[in-house]
Amino acid sequence: MGSKLSIDENVHVVVVGGGFGGIAAAIQLKSLGVPYTLIDMKDAFHHNVGALRASVQSGFAKTTFISYSATFNGNFKQGKVMDIDTQKQCVILEDREEVCFSHLILATGSDGPFPGKFNKSVTKESAIQMYENLVQEVQKAERIVVVGGGSAGVEMAAEIKSDYPQKEVTLIHSKVALADVELLPSVRQTVKEILLRKGVKLLLSQRASNLTQLKLNEVQQEMSVETDKGTTVTADLVICCTGIKVNSSAYSNALKLKLADNGALRVNEHLQVEGSENIYAIGDCADVKEPKMAYHAELHAKVAVKNIVNSLTQKPLAAYEPGRLTMLLSMGRNDGVGQISNCYVGRILVVMAKSRGLLVWKSWWTKHKGVNGSERWGGADKWLLRGTDMAKSKNLLTWKSWKMMGQYAPS
Ligand SMILES: Cc1cc2nc3c(=O)[nH]c(=O)nc-3n(C[C@H](O)[C@H](O)[C@H](O)COP(=O)(O)OP(=O)(O)OC[C@H]3O[C@@H](n4cnc5c(N)ncnc54)[C@H](O)[C@@H]3O)c2cc1C
């Protein structure tokens, strides 16, 4: 990919959602010279992989929001897609404006509570300020409860306890094992050991039962967090890291017969929405049986764009092969654990992988300023980078997104 194509004037690809999948698709369309419009309700891409660090470390949030218009100029449109007219082949925005397409890529991702997710139609500056406000609340608080011990919750608790070892941090989780269910039991056990070593109090197999009555993300004295097992924890700050849901509002009406139980779109091996030749779904909103991850969304984007190009040039369509689990959990700056495929990756390797990845990306950045150079990685390097990529050496990943967007990160 990269050389410009000769394209029929009726071709116009609309990408709905500028998350990891959507920007990867738009960048490829741009580099191929395929006419496109990227639509997102926000004015900036959110590198949400760094959202938890941004909640604890002042100044980090500004590296996690990257303006769309600086990269995509007039090809970016800010707005919320409310529906799709499949007859007219248009998406319909909140203000009833219609944007018509020859091909549509749905990349609306998933939504969940702040701070892990940020899907609000506010300016980049306001978004950054919300994270800076949370940093201040964390600084003020003495007793913090994190609700939800999935990957986001365990990282949140570890981030806080790493920077503020003196604060009391309690993690409430409805199951016995922590982090993602797809992870090896040994990885999940290490997550638990790291948290205990850092001094996080664990309330496992209990569900917080009065969250709706509590003010989240703001310091309030003597809040009582209750659980379904009758435990009460007193806290002055409560942060919720549960409840990630597929963001289906853009298509749930028009494509209601194509929805999986969780609201994702059923797709075939080419990532076309079932029964459709010109509508693709990628990333978290595609019903692909694999862990929902940023780098999978980027791989989906590659396949969807390739298939649009192949369909225009009468070539066979490419098939997407679901990826295997590669996830390294960053448990504060200097700790972590994870797995690459079915192999356990311990702390030392995670830390080494992070440093290695950081240097590699740094030189890549220096040598190849431009968009999406990642195409040029090959073989083992690419494989390891995929590992370290997820390595959530969060700084590394923010650099990767700035690099993809062809912009320089603020210092
Ligand atoms: C705290 C946290 C940490 C994570 N860490 C990692 C990690 O280290 N590595 C990894 O691989 N994955 C990680 N993930 C998972 C990863 O973030 C998701 O898999 C990824 O964001 C999915 O990308 P996406 O493009 O499908 O959707 P999203 O990133 O969710 O983006 C969707 C976009 O669509 C827009 N949108 C939605 N609906 C509409 C609409 N109707 N109209 C207009 N715009 C719309 C939203 O504004 C948003 O910008 C993490 C997730 C969380 C919550």
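A residue is called buried under 20% relative accessible area, exposed over 50%, and partly exposed in between. The model described here is predicted. Cys100 has a relative accessibility of 42%, so it counts as partly exposed. Cys90, by contrast, is buried, with a relative accessible area of 0%.

These two cysteines form a disulfide, with their sulfur atoms 2.0 Å apart. A search of the whole structure finds 1 disulfide. The link of Cys90 and Cys100 is right-handed, with 55 degrees about the S-S bond. Cys90 belongs to strand β7 (residues 90-93) and Cys100 to strand β8 (residues 98-100), so the pair ties together parts 10 residues apart in sequence. Cys240 is in no disulfide. Its nearest cysteine sulfur, that of Cys241, is 6.6 Å away. Cys240 is buried, at 6% relative accessible area. Cys285 is also buried, at 0%.

In soluble globular proteins, nonpolar side chains tend to be buried together. Here the largest nonpolar core has 107 residues. Helix α7 (residues 294-312) supplies the largest share of this core, 9 residues. A second, separate core has 13 residues, including Val233 and Cys240. Within the largest core, Val91 and Leu195 are among the residues with the most contacts. Beyond four places in sequence, Val91 touches Val14, Ile39 and Phe101, among others.

Val154 lies in helix α5 (residues 151-163). Val154 is buried, with a relative accessible area of 0%. Leaving aside neighbours within four places in sequence, its contacts include Leu171, Ala179, Leu195 and Met331. Val154 and Ala179 are 25 residues apart in sequence, and their C-alpha atoms are 6.6 Å apart in space.

Technical notes
Residues are numbered from 1 along each chain as its sequence is written. This is a predicted model: local features need pLDDT of at least 70, side-chain atom pairs count only at pLDDT 80 or more; totals for chains, interfaces and linings use all residues. Side-chain values use heavy atoms; hydrogens and water are left out. Helices (H or I, at least four residues) and strands (E, at least two) are DSSP runs, numbered from the N terminus. Buried means under 20% relative accessible area, exposed over 50%, partly exposed in between (1.4 Å probe, protein chains only). Contact means heavy atoms within 4.5 Å. A nonpolar core is a set of buried Ala, Val, Leu, Ile, Met, Phe, Trp, Tyr and Cys residues joined through side-chain atoms within 4.5 Å. A disulfide is a pair of cysteine sulfur atoms within 2.5 Å.
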